[in-house]
Amino acid sequence: MSTARVLLAFVAVSVALALQVSVFPYVAWQGVVPNLVLLVVVGAALVRGAQFAMVLGLAAGVLLDLAPPADHVAGRWALAFVVVGYVAGRVAADLKPTPTTVLGTVAASSFLGTSLFALSGLVLRDPALAVPDLLQVVVLSVAWDLVLTPFVLPLVMAMFHRIEPERAT
């Protein structure tokens with residue numbers, strides 16, 4: 001793994017995390033903000049594959065777990081993003097990233113990541129929400145991520161493709 005790719009991934013996750021925890025709470029939809037960090041992991045997975053996206057997902061998830069105003073058991077987002085990175089990377093290995101497959105991958109990844117986060121909270125008895133409320137959060141999260149996909153994913157995918165384009169999947 002090249003230093004440039006690691007640096008680029010760190011900058012992308014840092015910018016997404018800063019926007020997610022500082023700017024997007026002001027435009028929250030029924031308390032749900034878009035998960036920009038998840039979109040960075042999915043973009044990396046679509047360009048670089050599952051292995052890179054899983055490592056990036058772990059690091060990004062830990063940062064999101066520890067970023068204020070974290071109100072949950074640390075490690076839940078890290079687990080969710082590792083799985084999201086793997087699944088999105090496997091999709092990228094099997095399908096060419098067309099607009100339809102990208103939107104489908106984002107929808108599936110958002111559903112999977114948010115559901116894993118919610119289910120891990122149920123298992124750990126961490127959430128302050130009931131199951132019907134968690135289902136509403138999952139649906140709103142998928143909607144938010146799909147709305148932002150055309151604006152965020154092309155930039156993220158272009159960044160990861162420009163750094164070592166010959167090694168992109």
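Reply: In this predicted model, the cover over the buried residues of helix α5 includes α2 (36-48), α4 (76-94) and α6 (131-162). Helix α5 itself runs over residues 99-123, and its 25 residues reach 36 Å from the first C-alpha to the last, close to the 36 Å expected at 1.5 Å a residue. Among the residues of α5 that are buried are Val102, Val106, Ser109, Gly113, Phe117 and Gly121, and just after the helix Arg125 takes a positive phi of about 55°.

One link between α5 and its cover can be followed ring by ring. Trp77 and Phe117, both buried, form a stacked aromatic pair, with 4.1 Å from centre to centre and 10° between the planes. Because Trp77 lies in helix α4 and Phe117 in helix α5, this pair ties together parts that are 40 residues apart in sequence. Within α4, Trp77 and Phe81 are 4 residues apart and so are separated by about one helical turn; Phe81 is buried, as is Trp77. Trp77, Phe81 and Phe117 together form one aromatic cluster.

Two of the covering helices also meet each other: the axes of α2 and α4 come within 8 Å and cross at roughly 35°, and α2 passes α4 in a right-handed crossing. The residues making this contact include Val37, Leu38 and Val41 of α2, and Phe81, Val84 and Gly85 of α4. By class, the contact of α2 with α4 has 10 nonpolar and 2 polar residues, with no charged ones.

Methods. Residues numbered from 1 in each chain as written. Predicted model: local features only at pLDDT ≥ 70, side-chain atom pairs only at ≥ 80, totals over all residues. Heavy atoms only, no water. Expected span 1.5 Å × (residues − 1). Buried < 20%, exposed > 50% of the residue type's maximum accessible area, 1.4 Å probe, protein only. Contact = heavy atoms within 4.5 Å. Axes fitted to C-alpha atoms, helices over the stretch in contact; angles between N-to-C directions. Left-handed = near helix turned anticlockwise from the far one by under 90°. Nonpolar A, V, L, I, M, F, W, Y, C, P; charged D, E, K, R; others polar. Phe/Tyr/Trp six-rings, centres within 6.5 Å; stacked < 30°, edge-to-face > 60°.
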